Amino acid sequence: MLGARNFVEVCKRMAVSAGPRFEPCSLLIEMAKKIPASEISRDSIVNDDLSANEPTDAVAEVRTSSGPLAGLRVLELAGIGPGPYAGMLLGDLGAEVIRIERRGAESAGNTDPTLRNRRNMTLDLKSQAAVDVVLRLIERSDVLLEDSDLV
Amino acid sequence: MTERLGLGPEICCQRNPRLIYARITGWGQDGPLSRTAGHDINYIALTGLLHQIGDKQGRPVPPLNVIGDYGGGGLMVAFGIVCALFERARSGRGQVVDSAMIDSVISFTAPLMGLRNQGYWIDRPAANFLSGAAHYYDTYETRDGKWLAVGAIEPQFHQLLLERLGLDPAEFALGVGFQQGLYSELVEDVWPALRSKLAAAIRRYSRAELEAMFDGSDACVSPILSMQEALEHPHNVARKAFIEIDGVAQNAPVPRFSRSRPKHPQAPRAVDANTLEILKELGLSTAQIEHVLTAR
């Protein structure tokens, strides 16, 4: 029998991995109802407010977000100017933005505000392996943002 | 203001909990200036942005009312509304979207903060490589008194620019990009000298000759078109960037969607063209409609 805390963790992981499409089934809701109210807030499972419980998992902590775009997953192919500005707008409002820079790109350190609120990775997009990674990321994303046509 | 009419957020959102109540202000809903009058030029004046846009003599120049009213105002609130709609799809509830022009225009300074933090910055008009300090990102007068936009930031485009004008790349080498040597030296010494050379070269030709010279190239050179000329430019014509509604030329809807294409826009109607029709749609009786139309 799952203890209340484990149950919450399982639900959180399911919610996190399913993203915007997670809707707890009636079974989950019934199970949640059986857990003493003192141990858990049922609302924290069916809502997106994952911050209601202390995240114990690094991934859950990173993905806990708030703002209107909480749960939105954006993949940003790094550009300059308008692209990062849009990524900033989306990330600021709670979207989970993964920014993909080309391998060897320099980090701007902490100096460029438009790069905040991201998780960053570098990939050599000339390799098929990297392209495959991007396609796998796309499968679990809501938005692909690119401004590669701009210089 | 809507609060005074009895149409503030509390009342409206209670009436419809799914409502997205979107508010645009210049100064914001609170703060020392929130109850004072202002216009675009005032809001952008307090953001640090207007200070950067101006002539070489150091005078800030009003960029029309595009940055505050339409960029920071209209566009940002439209975006905020859509964000709230996304959230509502998950929560079932509306909320207030509070879009202050001054906040939004401050957000436009985010990339500039990056440059400033990295030292590529002098705090006055036309001292930024994107505000006219650099010879390669500026406007130039043609022989026939028209204007050219040059935006050849990257070395390969800069090279093409020089080649087509018959200028010697060696003379321009130190002024490519914005990271060579001391930034202040670029702004005070290097770029002004290069601007003179580039200006002299461009001034030899009419705008039409320059358009032909750079046609199809990556030199990042463009004619600066008047509104009438913009309507007629081949690129805009080919893309139908302008449409006509009842004979009036105007911008096409933006942005473009691959599946969800809107209909051709309706021309603006008279202010009261649909009053009766809408009151009837609401289910008001003739007597109620009469009352609405005549009540004081």
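Reader: Happy to start with the two chains together. How much area do chain A and chain B bury between them?

Author: In this predicted model, chain A and chain B bury about 1,400 Å² between them, with 69% of it on carbon and sulfur atoms. The side of chain A that touches chain B has 13 nonpolar, three polar and two charged residues. Each partner's share of the contact can be read too: 18 residues come from chain A and 18 residues from chain B.

Reader: Let's take one residue. Where is Thr111(A) placed, and is Thr111(A) buried or exposed?

Author: Look in the loop between β2 (96–102) and β3 (119–123) of chain A. Buried means under 20% relative accessible area, so Thr111(A), at 18%, is buried. Its side chain makes a polar contact with the side chain of Gln118(B), at 2.7 Å. Thr111(A) also touches Met113(B), Gly114(B) and Asn117(B).

Reader: Gly114(B) sits in helix α5 of chain B. Which residues of that helix are buried?

Author: In α5 (residues 110–117) of chain B, they are Ala110(B), Leu112(B), Gly114(B) and Leu115(B). These buried residues pack against α5 (82–92) of chain A together with α4 (101–108) of chain B. After the helix comes Gly119(B), with a positive phi near 95°.

Reader: Now for charges. How many salt bridges are there over all chains?

Author: The count comes to 15. One of them joins the side chains of Arg99(A) and Glu76(A), at 2.9 Å from N to O. That pair links distant parts of the chain, with Arg99(A) in strand β2 and Glu76(A) in strand β1 (residues 73–77), 23 residues apart. Both residues are buried.

Reader: What does helix α9 of chain B show me?

Author: Arg207(B) and Glu211(B) both lie in this helix, four residues apart, about one turn. Their side chains meet in a salt bridge at 3.6 Å, N to O. Arg207(B) counts as buried at 7% relative accessibility, whereas Glu211(B) is partly exposed at 30%.

Technical notes: Residues numbered from 1 in each chain as written. Chains lettered and ligands numbered in written order. Predicted model: local features only at pLDDT ≥ 70, side-chain atom pairs only at ≥ 80, totals over all residues. Heavy atoms only, no water. Helix = DSSP H or I, 4+ residues; strand = E, 2+ residues; numbered from the N terminus. Buried < 20%, exposed > 50% of the residue type's maximum accessible area, 1.4 Å probe, protein only. Polar contact = N/O pair within 3.5 Å; in protein donor to acceptor, adjacent residues only side chain to side chain. Contact = heavy atoms within 4.5 Å. Buried area = accessible area lost by both parts, 1.4 Å probe. Nonpolar A, V, L, I, M, F, W, Y, C, P; charged D, E, K, R; others polar. Salt bridge = Lys/Arg side-chain N within 4 Å of Asp/Glu carboxyl O. Lists of a residue's contacts leave out its neighbours within four places in sequence.
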